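Please consult the sequence and the model alongside the text.

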Amino acid sequence: MSLQDEQLPAAAAAAAPEAAAADEGMTWWYRWLCRIAGVIGGMSCAFAGLWNCVTINPLNIAAGVWMMLNAFVLFLCEAPFCCQFIEFANAVATRADRLRAWQKAAFYCGMAVFPVMLSLTLTTLLGNAIAFATGVLYGMSALGKKGDAISYARIHQQQKQMDEEKLTGSLEGQAL
């Protein structure tokens, strides 16, 4: 066992509280939904990227290669067990789990938009749609939970009172 193998479990144990704090506000089923969307997005990027490379247009080939790179990154971050023969897969997955939801959202959406900008075809749009949707799911989790009706009613009532006070204050100023 090498020194790196001995340090990896200790680093993973130290990162567990940080990962739990980063996932605060994200339910277990939503976390799994994001992971499953990432895996499906990776598969769609891989297949569409391979299909995109079967052409003579160099921009389509570049977009296809980028899409296959996106698929690899999505598999590496969301499902490291798919990359079990790559030595650094667990370290990358641990680091990706420590990222905040908005950081993952920006990263995944940015990765998915780039091939579409290179070559705007139906294959690149459909291939990157699920990867982009994964970023959107992470972005929605970064926004937080929806408030309850009672707090909304309370805020609305306070705004209504402030508007009435401003209106009466401006009417008294006109009367003088």
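## Tryptophan 32 and its setting

W32 has a relative accessible area of 53% and is therefore exposed (exposed means over 50% relative accessible area, buried under 20%, and partly exposed in between, with a 1.4 Å probe and protein chains only). W32 is found in helix α2; helices (H or I, at least four residues) and strands (E, at least two) are DSSP runs, numbered from the N terminus. The C-alpha atoms of W32 and E78 are 9.6 Å apart, although 46 residues separate the two along the chain.

## Basis of the model

This is a predicted model, in which local features need pLDDT of at least 70 and side-chain atom pairs count only at pLDDT 80 or more, while totals for chains, interfaces and linings use all residues. Residues are numbered from 1 along each chain as its sequence is written, and side-chain values use heavy atoms, with hydrogens and water left out.

## Overall architecture

The protein chain contains seven helices and zero strands. Of its 176 residues, 30% count as buried. Among contacts with a separation of 6 or more, 66% are between residues 24 or more positions apart; a contact means heavy atoms within 4.5 Å.

The chain exposes about 11800 Å², of which carbon and sulfur atoms supply 68%. Accessible areas come from the Shrake-Rupley method with a 1.4 Å probe, and for residues only the protein chains shown count as cover.

## A salt-bridge network

A search of the whole structure finds three salt bridges, each defined as a side-chain nitrogen of Lys or Arg within 4 Å of a carboxyl oxygen of Asp or Glu. In one of them, E78 pairs with R35, with the closest N and O atoms 3.7 Å apart. This pair links distant parts of the chain, since E78 belongs to helix α3 and R35 to helix α2, 43 residues apart. Both E78 and R35 are buried.

R35 also meets D97 in a salt bridge, at 2.6 Å from N to O. Here helix α2, which holds R35, is linked to helix α4, which holds D97, across 62 residues. R35 is buried because its relative accessible area is 18%, whereas D97, at 24%, is partly exposed. The side chains of D97 and K104 form a further salt bridge, at 3.9 Å from N to O. K104 has 7% relative accessibility and so counts as buried. Through shared partners, the salt bridges join R35, E78, D97 and K104 into one network.

In helix α4 (residues 89-98), the residues A89, A93 and A96 are buried. Viewed down the axis of α4, the buried residues fall within an arc of 60°, so they line one face of the helix; the arc is that of the directions from the helix axis to the C-beta atoms. The buried residues of α4 pack against α3 and α5.

S44 lies in helix α2 (residues 28-52) and, at 16% relative accessibility, counts as buried. Leaving aside residues up to four places away in sequence, S44 touches G127 and I130.

## A nonpolar surface patch

W66, L69, F72, F88, V113, F114, M117, F132, V136 and M140 make a nonpolar surface patch of about 890 Å². The elements giving two or more residues to this patch are α3 (58-78), α5 (101-118) and α6 (122-143). Patches are made of residues with over 30% relative accessible area and no salt bridge; like charges are joined within 9 Å, and nonpolar side chains (Val, Leu, Ile, Met, Phe, Trp, Tyr) within 5 Å. M140 lies in helix α6 and, at 48% relative accessibility, counts as partly exposed.
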